[in-house]
Each structure stands twice: as C-alpha cells, then as structure tokens.
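Please keep the sequence and the structure in view while reading.

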Amino acid sequence: MNSSVNSLRPMTEADLDQVLAWRNHPDVRRYMYTQHEIGMEEHRAWFGRASRDSARHLLIFEVEGIARAFLAINQSSCATVADWGFYIAPDAQPGTGRALGIAGMHYAFDELNLHKLCGQALGYNERSIRFHERLGFSREGVLRDQHFDGKDYHAIVCFGLLAAEWRTVQAHKSRS
Ligand SMILES: CC(C)(COP(=O)(O)OP(=O)(O)OC[C@H]1O[C@@H](n2cnc3c(N)ncnc32)[C@H](O)[C@@H]1OP(=O)(O)O)[C@@H](O)C(=O)NCCC(=O)NCCS
C-alpha cells in the first residue's frame, strides 16, 4: 500500500458512528477485552472522557481520504511510554493493517517522541501477534490466564518496541 495516500488525523464526533460500527463488528469485538455490543450512549461517554484526556490520542487512519481504521495511543504514568490499540474496518483491503501500523509508529516516535511503544494481544489473536512481530516489536512476555472473558481465562501476549530500535530499522530502509 502506497504510504503517500495514507494519513492519521484526530478522531472527532463525526467519526462516532463509523468507529462504533467497526468496534461492534464480531471480527473486531472478539479480540477486545470487553466483548459486549456497545450502545451509542456508552460509546459517546467513552469518547467524551477519552478525548478530554491529554494522555490519550484517538486517531483515524485514512486511505485516500476514507476512514479505514481506529488507533489509540495511550501514554502511561511514564509519559514517554505508551500502549497502543487499534482495529481496521472489517472490509479493509489487504495491507491496511500493516499500513496503519507503520503510520502509527511514525506518529508515536516522530510526533509524540515516545521512548517505547507497547502492544498487548489476547493469546488467540494470531493476526495481531503476527502483526506486531512483522512490525519489529519484541515479544516481551506472556501473562498467563490474565484475562477472563466470562467463560474462560486467556493469556495476554505483551509486545514492546523502543524508539532506538525503530530508528535503526528506518536508517537501514533509507540506505537500501
Ligand atoms: C490486528 C490487525 C490490525 C492486523 O492487521 P492485518 O490483519 O495484519 O492486516 P493486513 O491487511 O496488513 O494483513 C492482512 C493479510 O494480508 C497480507 N497483506 C499485507 N499486505 C498486503 C498487500 N499489500 N497485498 C496483499 N496482501 C497483503 C498480510 O500479510 C496478511 O496476511 P496473513 O493473513 O498471512 O497475515 C487487524 O487484523 C484487526 O484490526 N483485527 C481486529 C482487531 C484487533 O485484533 N486489534 C488488535 C487488538 S491487540
């Protein structure tokens, strides 16, 4: 996917319907920590809270001007270390996930000047695990039986990428 047609912008109220439709889709919901169908009132309340929090960056990924994914980067108590979370439109074309990941890493390290970006995936979310590994994240550990979904316990796989590691990869790319 050509990165010149991709961009990240802040999420606004106008995105609420679209983001809720993605978030409630069964192919997205099953990989989230909370898996019930979210109503508009709950969604609006979440957006109201999250968008007032300066440590949370709610972003929309656009391809050729059309919203294709949601990305959240949440700074921790150590402001230069953040977690990210994301989902792409279930009907997005192949390559959208990877393009979102690359745009998200640029945002995290170039715009927010983070030292470290972290991701967490449920143990059965093989797509997200592969996604993090392909983007160069290190698998930093597995929290066994860390998440209970109301029926079963699941492992959480933790990933991390340091700014220095990312910059080394960028430097290699620009030389080749
Ligand atoms: C996690 C997520 C963003 C990962 O994205 P992704 O599925 O890797 O997205 P991509 O479009 O980059 O890749 C899809 C497949 O197309 C392939 N692909 C990538 N670029 C491609 C291209 N240009 N042309 C054709 N195929 C391509 C990828 O290799 C991948 O193949 P695979 O099935 O062998 O892994 C996405 O699956 C998602 O939103 N899942 C639901 C929510 C979720 O799990 N969020 C994360 C919680 S931790």
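## Aromatic pairs

In this predicted model, F131 is a buried residue, with a relative accessibility of 14%, a value under the 20% that marks the limit for burial. Ten aromatic pairs are counted across the model. One of them joins Y31 and Y124, whose ring centres lie 5.9 Å apart with the planes at 35°, so that this pair is classed as tilted. Y31 sits in the loop between α2 (26-29) and α3 (40-51), while Y124 sits in the loop between β5 (116-122) and α5 (126-134), and the pair therefore ties together parts that are 93 residues apart in sequence. Y31 has a relative accessible area of 23% and is partly exposed, and Y124, at 26% relative accessibility, is likewise counted as partly exposed.

F131 itself has F86 as a partner: the centres of the two rings are 4.9 Å apart and their planes stand at 45°, so this pair too is tilted. Because F86 belongs to strand β4 (residues 81-88) and F131 to helix α5, the pair ties together parts that are 45 residues apart in sequence. Elsewhere, one aromatic cluster is formed by W46, F47, F70 and Y87.

## Crossing of α4 and α6

Two packed helices are described by the angle between their axes and by the distance between those axes. For helix α4 (residues 96-111) and helix α6 (residues 163-175), the axes come within 11 Å and cross at roughly 115°, which means that α4 is roughly perpendicular to α6. The crossing of these two helices is left-handed.

On the α4 side, the residues that meet α6 are M105, H106, F109 and D110, and on the α6 side they are A163, W166, R167 and Q170.

## The buried side of α1

Helix α1 (residues 16-24) has as its buried residues L16, V19, L20, W22, R23 and N24.

## Positive phi values outside glycine

N113, which lies in the loop between α4 and β5, has a phi near 55°, a positive value in a residue other than glycine. At 51% relative accessibility N113 counts as exposed, since the threshold for that class is over 50%.

D145 also has a positive phi, of about 45°, although it is not a glycine; this residue lies in strand β6 (residues 138-148). Its relative accessibility is 52%, so D145 counts as exposed.

## An exposed loop residue

Computed along the chain and through space in the model, how far apart are E64 and E37? The two residues are separated by 27 residues in sequence and by 30 Å in space, taken from C-alpha to C-alpha.

Key. Residues are numbered from 1 along each chain as its sequence is written. This is a predicted model: local features need pLDDT of at least 70, side-chain atom pairs count only at pLDDT 80 or more; totals for chains, interfaces and linings use all residues. Side-chain values use heavy atoms; hydrogens and water are left out. Rings of Phe, Tyr and Trp (its six-membered ring) pair if their centres lie within 6.5 Å; planes under 30 degrees apart count as stacked, over 60 as edge-to-face and the rest as tilted. Helices (H or I, at least four residues) and strands (E, at least two) are DSSP runs, numbered from the N terminus. Buried means under 20% relative accessible area, exposed over 50%, partly exposed in between (1.4 Å probe, protein chains only). Axes are lines fitted to C-alpha atoms, for helices over the stretch in contact, and angles run from 0 to 180 degrees between N-to-C directions. Angles under 35 degrees count as roughly parallel, over 145 as roughly antiparallel, 65 to 115 as roughly perpendicular and the rest as oblique. A crossing is left-handed if the near helix is turned anticlockwise from the far one by less than a right angle, and right-handed if clockwise. Contact means heavy atoms within 4.5 Å.
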